[in-house]
Amino acid sequence: MTRKRKRLYIVLGGLALLGVATALVLSAFQDNLVFFYSPSDITAKNVPDGRSIRVGGLVEKNSVKRESDGVTLDFRISDGSQTVPVSYRGDVPDLFREGQGVVAEGKLNKGTFIASTVLAKHDENYMPPEVVDALKRSGHWQETGPKP
Amino acid sequence: MLRLANPNRFMQWSGKLLPWCAIATVILLGVGTYMALFVAPPDYQQGESVRIMYIHVPSAMMSTFVYAVMAVSSAVALIWRHPVADIAARESAPLGAGFTLLCLVTGSLWGKPMWGAWWVWDARLTSELVLFFLYLGYIALVNAFDEPTRGARAGAILALVGVINLPIIKFSVDWWNTLHQPESIFRLGGPTIAPSMLWPLLIMVLGFAAFFVTLLLLRMRSALMAAKLRAIRLQQIEAA
């Protein structure tokens with residue numbers, strides 16, 4: 001009985017130590033584990049030009065413009081307080097539209113973010129189209145997006 | 001509990017339970033698949049692609065659930081030295097690896113049309129990939145020893161160390177910003193999936209769980225029978 005007890009305590013103690021160690025490591029690497037920066041982070045951290053980063057937020061309303069060459073797409077990514085202008089040449093995913101959450105990969109160039117890839121981010125809400133129509137009709141619809 | 005886990009008693013009750021689990025699997029997966037494909041509505045954003053969810057979410061849930069089963073069995077085997085617990089852990093691993101692979105593949109197929117990428121290295125996807133490697137590492141380690149009991153003990157320790165990955169997978173979407181969307185079902189404030197989509201999903205989850213129990217019982221029974229067969233052969237050789 002005592003030996004079983006002892007093994008139980010060793011296993012529990014080992015797991016507790018492992019948990020503490022992992023928590024410390026993860027909190028130390030907190031900054032490196034984020035997938036993207038918000039426009040506010042970009043402004044606050046003074047990210048230098050030419051470094052590869054990802055910017056995430058909502059595509060600002062009325063900001064999407066196709067340039068005259070027909071390929072380049074200009075829009076602004078917003079997190080509610082700050083915005084970053086983005087320029088992108090290439091195909092956008094189906095979900096890309098104004099008000100939609102996006103993550104762009106690329107580099108800053110004199111305040112403009114030159115994106116090499118644009119990914120769409122959808123939220124955790126799933127519902128049939130009819131429900132959305134009904135919500136919109138009754139005025140209860142809220143556009144939601146990724147948390148900054 | 002311990003009495004039910006005696007190998008002979010285990011063979012008795014698992015033999016009775018097995019056909020019922022198999023029947024439940026067929027009914028739940030049949031009804032669930034029909035509802036997922038024909039009854040559930042398309043999503044307002046994702047359209048028909050949302051139907052991948054009915055495979056992706058259950059396999060993701062099972063990938064972590066099976067690991068939890070494997071870890072608890074490993075702990076019981078380490079602490080109380082119970083032979084059936086060892087077998088339960090060892091026989092769970094390939095099933096868990098299968099669910100994890102299914103989760104990764106369906107997620108990839110879903111990610112391309114919705115996000116625009118087959119794969120990204122965000123916290124959720126990476127931690128799920130680590131889970132897959134943990135399963136493979138466990139399987140390799142358990143089979144790497146000539147003496148099965150030593151392999152089982154080394155594997156049990158690895159399985160317990162890997163438990164730390166389960167909360168990381170679960171909370172990765174809350175702790176860090178990720179491309180993967182946050183939790184839709186088990187969250188404060190209730191699910192954010194419309195009931196017409198949630199019901200087919202829950203039936204599929206139960207179907208996957210029943211499928212796992214059926215396969216696990218089947219695998220454990222054959223492992224026990226194989227061990228018995230080896231013992232009988234050894235006796236015959238010694239008698240001769």
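Predicted model: local features only at pLDDT ≥ 70, side-chain atom pairs only at ≥ 80, totals over all residues.
Trainee: Which elements make up chain A?
Mentor: Chain A has three helices and six strands. Read from the N terminus, their order is α-α-β-β-β-β-β-β-α.

Trainee: What radius of gyration does chain A have?
Mentor: Chain A has 22 Å, whereas a compact globule of 148 residues would have a value near 15 Å. Along the principal axes, its C-alpha atoms fill a box of roughly 80 × 45 × 25 Å.

Trainee: How many of the contacts in chain A join residues at least 24 apart?
Mentor: The share is 48%, taken among contacts in chain A between residues at least 6 apart in sequence. For chain B, the corresponding share is 75%.

Trainee: Why does A:Asn46 count as exposed?
Mentor: A:Asn46 counts as exposed because it has 6 C-beta neighbours inside 10 Å, and the limit for exposed is 12 or fewer.

Trainee: What about A:Lys110, where is it?
Mentor: A:Lys110 lies in the loop between strand 5 (101-109) and strand 6 (112-121) of chain A. A:Lys110 is not a glycine either, yet has a positive phi of about 50 degrees. A:Lys110 is exposed, because 6 other C-beta atoms lie within 10 Å.

Trainee: Let us turn to chain B. How many helices and strands are there?
Mentor: Chain B has seven helices and zero strands. The C-alpha atoms of chain B fill a box of roughly 75 × 35 × 30 Å along the principal axes.

Trainee: How many residues are in the largest nonpolar core?
Mentor: The largest nonpolar core has 57 residues, and those with the most contacts inside it include B:Val66, B:Met70, B:Ala89 and B:Phe212. Among the elements giving two or more residues to this core are helix 1 (7-39), helix 2 (53-80) and helix 7 (195-239) of chain B.

Trainee: Which helix gives the most to this core?
Mentor: Helix 2 of chain B does, with 16 residues. As for B:Met70, leaving aside residues up to four places away in sequence, it touches B:Ala89, B:Ser92, B:Ala93, B:Gly96 and B:Ala159. Another core, of 28 residues, lies apart from the largest one; among its residues are A:Phe75, A:Val118, B:Met114 and B:Leu125.

Trainee: At what angle do helix 3 and helix 5 of chain B pack?
Mentor: Helix 3 and helix 5 of chain B pack at about 65 degrees, with their axes 11 Å apart. Their crossing is left-handed.

Trainee: Which residues make the contact?
Mentor: Helix 3 of chain B supplies B:Asp86, B:Ala89 and B:Arg90, while helix 5 of chain B supplies B:Ala152, B:Gly155, B:Ala156 and B:Ala159.

Trainee: And what are they by class?
Mentor: The contact of helix 3 with helix 5 of chain B has four nonpolar, one polar and two charged residues.

Key:
Residues numbered from 1 in each chain as written. Chains lettered and ligands numbered in written order. Helix = DSSP H or I, 4+ residues; strand = E, 2+ residues; numbered from the N terminus. Rg over C-alpha atoms; globule rule 2.2 N^0.38 Å. Contact = placed C-beta atoms within 7 Å. Buried ≥ 20, exposed ≤ 12 C-beta atoms within 10 Å, placed from the backbone. Core = buried A, V, L, I, M, F, W, Y, C linked by C-beta atoms within 7 Å. Axes fitted to C-alpha atoms, helices over the stretch in contact; angles between N-to-C directions. Left-handed = near helix turned anticlockwise from the far one by under 90°. Nonpolar A, V, L, I, M, F, W, Y, C, P; charged D, E, K, R; others polar.
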